[in-house]
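Q: I have a structure open here and have not looked at it before. Can you walk me through it?

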Amino acid sequence: MSDPIRAIVALGNPGAEHVSDRHNVGFWLADRLADRWRVSPAAERKFKGELARHGMGDATVWLLKPLTFMNKSGEAVQPLCAFHKIAPESVLVVHDDLDLPAGTARLKQSGGHGGHNGLRDITRVIGSQYRRLRIGIGHPGDSARVLSHVLGTPAPDERIEIDNAIDAGIAALEVVLDKGWDHGAQQLNSRKAS
């Protein structure tokens with residue numbers, strides 16, 4: 001049996017100007033998950049982010065939204081893991097993914113950063129053995145347009161697809177927490193995009 005998830009780290013950029021950016025799908029999921037769990041993330045200076053606790057004792061899961069900007073996400077993840085003695089294998093990072101079409105979500109055990117600056121910085125401080133929930137935002141088709149794409153607002157139809165992927169990701173995450181990684185990954189990774 002794999003290590004239980006003890007921390008969910010949802011990536012995004014802080015500030016009103018980034019609220020609707022594709023790069024903030026991690027924050028979108030975290031906000032929806034916090035509502036579902038009836039928890040209120042609060043600013044935690046020690047962890048450079050907004051933090052909420054779900055469950056108690058051995059069933060505690062921390063929900064963290066780093067407020068460090070994407071390329072410094074490790075500065076929030078490392079102190080959380082150190083303080084609560086959370087192994088990298090028990091961390092799930094939620095992030096946008098250019099390599100998946102909008103409407104697609106996938107769970108991944110570990111791996112490289114794939115050019116994602118948030119993952120790159122987390123890998124720098126805790127290694128690459130953390131898990132990922134990848135939310136597809138699609139690729140603009142031209143590498144010169146990637147920055148404007150990730151920092152841009154999705155069209156209404158695309159946002160619906162991304163929201164559907166977030167809902168599927170949350171459902172799979174709850175299966176992971178209840179029945180284990182393999183059950184949740186099978187549920188989500190066999191799902192067709194909307």
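Q: Before anything else, what kind of model is this?
A: This is a predicted model.

Q: OK. How many strands does the sheet have, and what is their order?
A: The open sheet has seven strands, in the order β2-β3-β4-β1-β5-β7-β6, and the pairing is mixed.

Q: Which strands are at the edges?
A: The edge strands are β2 and β6, the latter at residues 105–108, and each of them pairs on one side only.

Q: How much are neighbouring strands turned against each other?
A: On average by 25 degrees, with direction ignored.

Q: Let's start at the β2 end. How do β2 and β3 pair, parallel or antiparallel?
A: Antiparallel, over three bridges; β2 covers residues 42–44 and β3 covers residues 49–54. One of the pairs is Glu 44 with Gly 49 in β3.

Q: What sits between β2 and β3?
A: Four residues, and the two strands form a hairpin. In that turn, Lys 48 has a positive phi of about 50 degrees.

Q: And β3 with β4, how many bridges there?
A: Six, in the antiparallel sense, with β4 at residues 61–66. Leu 51 has Leu 64 in β4 as its bridge partner.

Q: How many residues separate β3 and β4 in their hairpin?
A: Six residues lie between them, and Gly 55 in the turn has a positive phi of about 85 degrees.

Q: Moving along to β1 and β5. Parallel or antiparallel?
A: Parallel, over four bridges: β1 is residues 7–10 and β5 is residues 91–97. Ala 10 stands opposite Val 94 in β5.

Q: Which strands does α2 touch?
A: Helix α2, residues 74–84, also packs on the sheet, touching β1, β3, β4 and β5. Its direction makes about 155 degrees with that of β4.

Q: What does Val 94 pair with in β7?
A: Its bridge partner in β7 is Leu 133. β5 and β7 pair in the parallel sense over six bridges.

Q: Changing topic to the helices. At what angle do α1 and α5 pack?
A: At about 55 degrees, with their axes 10 Å apart. That makes α1 oblique to α5. The crossing of α1 and α5 is right-handed.

Q: Which residues of α1 and α5 meet?
A: From α1, Val 25, Trp 28, Leu 29, Arg 32, Leu 33, Arg 36 and Trp 37 take part. From α5, they meet Arg 159, Ile 162, Asp 163, Ile 166, Asp 167, Ile 170, Leu 173, Glu 174 and Leu 177.

Q: How do the residues of that contact divide by class?
A: The contact of α1 with α5 has ten nonpolar, no polar and six charged residues.

Q: What about α5 and α6, how are they packed?
A: Helix α5, residues 156–179, and helix α6, residues 181–189, pack at an angle of about 160 degrees with their axes 7 Å apart.

Q: Which residues are in contact between α5 and α6?
A: Ala 168, Gly 169, Ala 171, Ala 172, Val 175, Val 176 and Lys 179 in α5 meet Trp 181, His 183, Gly 184, Ala 185, Gln 187 and Leu 188 in α6. By class, that contact has eight nonpolar, four polar and one charged residues.

Q: Still on α5, is Asp 178 buried or exposed?
A: Asp 178 is in helix α5 and counts as exposed, at 61% relative accessibility. Its C-alpha atom is separated by 17 Å from that of Arg 53, 125 residues apart along the chain.

Q: Last one. Where is Gly 15?
A: Gly 15 is in the loop between β1 and α1. Gly 15 is partly exposed, with a relative accessible area of 36%. The C-alpha atoms of Gly 15 and Ala 171 are separated by 28 Å, and the two residues are 156 residues apart along the chain.

Note on methods:
Residues numbered from 1 in each chain as written. Predicted model: local features only at pLDDT ≥ 70, side-chain atom pairs only at ≥ 80, totals over all residues. Heavy atoms only, no water. Pairing = 2+ DSSP bridges. Axes fitted to C-alpha atoms, helices over the stretch in contact; angles between N-to-C directions. Contact = heavy atoms within 4.5 Å. Nonpolar A, V, L, I, M, F, W, Y, C, P; charged D, E, K, R; others polar. Buried < 20%, exposed > 50% of the residue type's maximum accessible area, 1.4 Å probe, protein only. Parallel < 35°, antiparallel > 145°, perpendicular 65-115°, else oblique. Left-handed = near helix turned anticlockwise from the far one by under 90°.
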